[in-house]
Amino acid sequence: MLKYRIWSVILILLVILVGLFVYKSETLSFENSPKLAKYAFKLGLDLNGGTELTYRAVTEGTNTADIEGSMATLRDVIEKRVNVFGVSEPVVRVENPSSISGREEYRLLVELPGVTDIDEAVAMIGKTPQLEFKLVNPAVEGLSEEELKGKTNDELFLSTGLNGKYLERADLQFTTAQTGLAGEPIVSITFNEEGRVLFSSITKNNLNKVLAIFLDGELISGPVIRDEITDGKATISGGGTTAEEAKALVRNLNYGALPLPIELVSTQTVGASLGENAKTAGVKAGIIGFIFVGLFMILWYRLPGLVATVAMSVYILLSLALFKLVPVTLTAAGIAGFILSIGMAVDANVLIFERMKEELKKGKGLYDAMNEGFSRAWLSIRDSNISSMITAVVLFWLGTSAIKGFALAFGLGVLVSMFTAITVSRTFLFAVSGKSESKLKKFLFGSGIGA
């Protein structure tokens with residue numbers, strides 16, 4: 001029993017350290033302790049208040065094989081734009097079409113905690129310019145002005161495949177007396193390696209043809225290709241463009257030109273007070289649930305029930321620390337998943353104690369009964385937890401944002417509960433059992449009312 005008592009002391013010390021980490025990282029300010037404060041809980045929109053914007057990606061005319069990559073780029077671009085504005089812990093997520101939901105469109109969800117003004121949130125995302133390079137459609141060459149007026153841009157121009165997703169950077173420059181009207185602002189753009197190769201091929205194969213430059217579907221420049229351009233650089237200029245407009249264009253292009261057009265389809269705002277109420281209600285529900293479960297375990301299983309309650313406290317601290325380290329963005333659904341996983345942790349202890357009770361009824365000694373209880377209950381605990389993990393993985397893989405938060409918190413909780421039920425409960429139980437047998441000990445390790 002000595003080794004179990006030594007391990008119990010070590011576990012208690014580790015749990016105290018974990019508890020201090022959870023407490024200090026939540027109470028210390030970033031100015032006083034930046035290393036700890038960065039591990040404060042990340043609260044979701046429903047707990048912290050803020051705005052959720054849902055955009056629909058316009059994928060018509062895009063090759064199906066390219067949509068997944070374009071959506072990933074779109075997410076990165078919007079995330080970069082949001083982070084530039086200093087939004088605290090923004091969440092930008094792609095929701096792909098699902099055979100389960102029956103939705104056939106790609107959506108982008110943008111969560112902005114702390115931003116409760118929808119107009120401010122929409123302005124924060126902004127309308128990032130969509131940059132495209134197109135060639136004149138040979139089919140319209142030779143048409144009269146009247147005939148051309150009746151044509152759309154899609155009929156007049158053909159896509160070259162070169163667009164904003166190949167953009168590496170944009171710079172503001174000014175023309176000189178030798179290059180044009182002195183002091184006229186122009187935007188110089190540089191493509192990445194893939195874009196450079198594509199741009200070189202376009203200019204090589206289309207000499208003396210117009211390469212139209214479109215920004216947000218509007219023609220802003222139509223230079224004629226005079227030479228092959230191999231360095232991946234081009235300039236955008238437009239008559240009447242002011243320095244401020246050119247500067248804004250450079251900023252927006254550098255924040256990321258959208259590989260796909262997007263349309264705002266819905267908005268949702270959660271007030272700070274509503275978020276605080278949801279957080280308080282979730283924490284209150286967890287505390288009340290823990291107290292009632294703990295009381296039941298102690299009243300029904302006595303000393304093992306007390307040990308299970310202590311192990312459950314260890315489970316809670318370890319889970320909270322894990323949520324901080326991953327980090328997990330806690331939502332109301334996530335808290336519900338965490339509370340549910342507490343029940344899973346208790347369920348494992350119930351299986352163990354019931355097995356122990358069966359062995360004690362067979363006349364075995366307490367030490368042997370505990371060994372048999374843990375070993376025989378393990379298979380049931382393993383199978384039930386594996387099935388729960390499978391459920392959590394499927395929910396996380398296919399679920400919406402709220403379901404994902406629930407699944408992640410629940411899945412991590414189940415993993416930690418397996419550790420505490422098998423390792424922590426076992427260590428503490430053997431540490432307090434001792435080898436002697438007595439009526440008091442049999443009562444303490446019994447179960448039920450008056451048994």
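Rings of Phe, Tyr and Trp (its six-membered ring) were taken to pair if their centres lie within 6.5 Å, with planes under 30 degrees apart counted as stacked, over 60 as edge-to-face and the rest as tilted. By this rule, the count is 10 aromatic pairs. The rings of Tyr301 and Phe353 have centres 5.3 Å apart and planes at 50°, so this pair is tilted. The pair links distant parts of the chain, 52 residues apart, with Tyr301 in helix α10 (residues 272-325) and Phe353 in helix α11 (residues 332-361). Helices are DSSP runs (H or I, at least four residues), numbered from the N terminus. Tyr301 counts as buried at 5% relative accessibility, and Phe353 counts as buried at 5% as well; buried means under 20% relative accessible area, exposed over 50% and partly exposed in between (1.4 Å probe, protein chains only). Ring pairs also join Phe133, Phe191 and Phe199 into a cluster.

The model is predicted; local features need pLDDT of at least 70, side-chain atom pairs count only at pLDDT 80 or more, and totals for chains, interfaces and linings use all residues. Residues are numbered from 1 along each chain as its sequence is written, and side-chain values use heavy atoms, with hydrogens and water left out.

Helix α12 (residues 366-398) has 33 residues and should span 48 Å at 1.5 Å a residue, which agrees with the 47 Å between its end C-alpha atoms; the expected span is 1.5 Å times one less than the number of residues. Helix α12 bends by about 35° at Trp378, the bend being the angle between axes fitted to the seven residues ending there and the seven starting there. Buried residues of α12 include Phe374, Ala377 and Ile381.

Terms used: Helices (H or I, at least four residues) and strands (E, at least two) are DSSP runs, numbered from the N terminus.
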